[in-house]
Amino acid sequence: MAGPENFMRVPTAQPKRTLYTDAMEIFHRAADTIGLAPRVRLELEEPDYEHIFYVTAKLKDRLRPLSPEAAKAFGELPVTQVRDPNGLERLADGQIILNGKALLGSDVNIRRGHLRLPDGGVYQLVPGESQRFKAYRVQHNQARGPYKGGIRYHREVSLDLFKALAAEMTWKTAIAEVPFGGGKGGIAIDPRQYGREELEAITLRFMYKLKKLIGPNIDIPAPDVGTNGEIMALMMRQYLDGERERVVGKAIVTGKDVRIGGSEGRVKATGQGVVYCIEDYYADKGETLKGKTYTVQGFGNVGSFAAEIMHGLGARLLAVNDADGTVFNPEGIDVPALMAYVADPKNLKRSVLGFPGAAKIEKKAFWEVPVDVLIPAALGGEITGDVAERLQVKLIAEGANGPTTPDADRVLQKRGIDLIPDIIANAGGVTVSYYEWIQNKRMESWSEAEVNAKLEHALKRNYRIIRDISRNTPRKTEMHDSRPFCVGKQVEPRLAAMILALKRIEAHYIIEGFSQ
Ligand code: NAD
């Protein structure tokens, strides 16, 4: 007779490895290390809510450039003289959006749907259609306060990614000791392919749908990759439209322009926070940033301000990599000049590429530039195991969220490369977002010096606790007390940071208990 072993067995389900499971690897290690209560682990290992919805918008008519080859078919086409050139909005990819009544009253010559502009180029006239975009908001955990986290506009986003980023906000707000939980969301869109008015329409529609899910005491968005203070202003306007008590609602988003309720110091806050951590890393060794060399990946909000502040403290920037290329100068890059180059309206891609004060190199070579500090400030997953093997740096200060893969983490440890993990290094943004939120609630406005003094204290104090956990040196100083958090053995910095976050979050569940 056939024994049970002869029957076909259903294999035990192996959880599929995803970006989220990778990101949560460190959570589970920290939970194991501190013996996190099982129910708290269940609460934290999946988000509270995962919202997926769609927004539609009517796009503008646009002109799509033809290749010189294809344009030959329109050799005789006369130039169209545009009456209102301000109505033409040029995008980085060569498309032109027709705003307002750009062509009205112009001397238009159209042939088979094509026209020639005074720049000599032939363009296909594409009538504006309605388009649908996928949108997300993940609300990970609110044990310590309202959900808080950025809005990302990027082509490559997914539920999995937003889950990872929302969870990361839960850890980060706990580490920064701000009374928020974690959230994240955004739209699957490449914002560089749309005009200003189109992005406005998409953003307003996004907030129209989001409004039911968020609020100044429920979930507070902020800028992230592909969004900025202008997008936050639109979101605030849409949220407050028609509300009677508009003034109390300003805290619905942070990262606003200072003139409409934003905080001094918020724009630079994330980059500033990265540098406070690096400064403290060196202060611990009795050194300063003067004469240190560094490279930066990503020259947007975080990367450019971190670079500028490092430069101001006497460090030398040797190379920058962004989405479009890499520039390198072994003598040191003039950071203010590079910032001006990137901000120039003629630089449609906002790229460092073509900067006259440095040479172009390959991305592969960027990782191999020998420097003291590497600041990844672009997207996640950039420092893979292979990249980590090739790095010639002593310290990585993670400005970006999740730039280092778990494989790379193991390589960095083996090679003795120090790390300031993202959940403390880039916590400056959310910390000053909290200051903005309080200022909105209290109808106050603080000076930049006040904001920076508070930020410096908050980050350095918590970074010191993380260092003490990592080295297992429990102590109480005037600035910090690491005794409740050390675990009786040394652990690597990323694990130490996660331990601090989990101990702070767990306290809420242990002391408050669970509602039934
Ligand atoms: P941003 O949109 O202002 O800039 C992004 C930069 O990254 C650009 O220079 C872009 O060219 C570059 N980039 C994009 N794709 C790249 C690629 N494949 N290779 C190299 N470079 C690439 O974004 P930001 O606000 O500076 O955010 C950067 C990172 O910092 C993100 O990971 C974000 O989640 C994180 N972060 C931002 C804040 C904040 O306050 N803005 C706070 C915490 C963390």
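Tutor: Let's start with a definition: a residue is buried under 20% relative accessible area, exposed over 50%, and partly exposed in between (1.4 Å probe, protein chains only). This is a predicted model, in which local features need pLDDT of at least 70 and side-chain atom pairs count only at pLDDT 80 or more, while totals for chains, interfaces and linings use all residues. Residues are numbered from 1 along each chain as its sequence is written, and side-chain values use heavy atoms, leaving out hydrogens and water.

Student: Why is Arg17 called exposed?

Tutor: Its relative accessibility is 58%, and the cut-off is over 50%, so Arg17 counts as exposed.

Student: What makes Arg17 and Asp22 a salt bridge?

Tutor: The term asks for a side-chain nitrogen of Lys or Arg within 4 Å of a carboxyl oxygen of Asp or Glu. The closest N and O atoms of Asp22 and Arg17 are 2.8 Å apart, so the pair qualifies. The structure holds 44 salt bridges.

Student: How do you know that Glu368 and Lys364 form one too?

Tutor: Their closest N and O atoms are 3.8 Å apart, which is within 4 Å, so this pair also passes. Lys364 is exposed at 54%, whereas Glu368, at 30%, is partly exposed. Shared partners also join Asp280, Asp284, Arg464, Arg467 and Arg471 into one network of salt bridges.

Student: Why is α15 called roughly perpendicular to α16?

Tutor: Helices (H or I, at least four residues) and strands (E, at least two) are DSSP runs, numbered from the N terminus. Axes are lines fitted to C-alpha atoms, for helices over the stretch in contact, with angles from 0 to 180 degrees between N-to-C directions. The axes of α15 (residues 448-471) and α16 (residues 493-512) come within 8 Å and cross at roughly 115 degrees. Roughly perpendicular covers 65 to 115 degrees, so α15 and α16 are given that name.

Student: Which residues of α15 and α16 make the contact?

Tutor: Contact means heavy atoms within 4.5 Å. Among them are Arg461 and Ile465 of α15, and Ala496 and Leu500 of α16.

Student: What makes β1 and β10 edge strands?

Tutor: Two strands pair if DSSP finds at least two bridges between them. Five strands form an open, mixed sheet in the order β1-β7-β9-β8-β10. β1 (49-58) and β10 (219-223) each have a single partner strand, so one side of each is left without a neighbour in the sheet.

Student: How do you know that β8 and β9 pair?

Tutor: They share four bridges, in the parallel sense, and at least two are needed, so β8 and β9 count as paired.

Terms used
Parallel < 35°, antiparallel > 145°, perpendicular 65-115°, else oblique.
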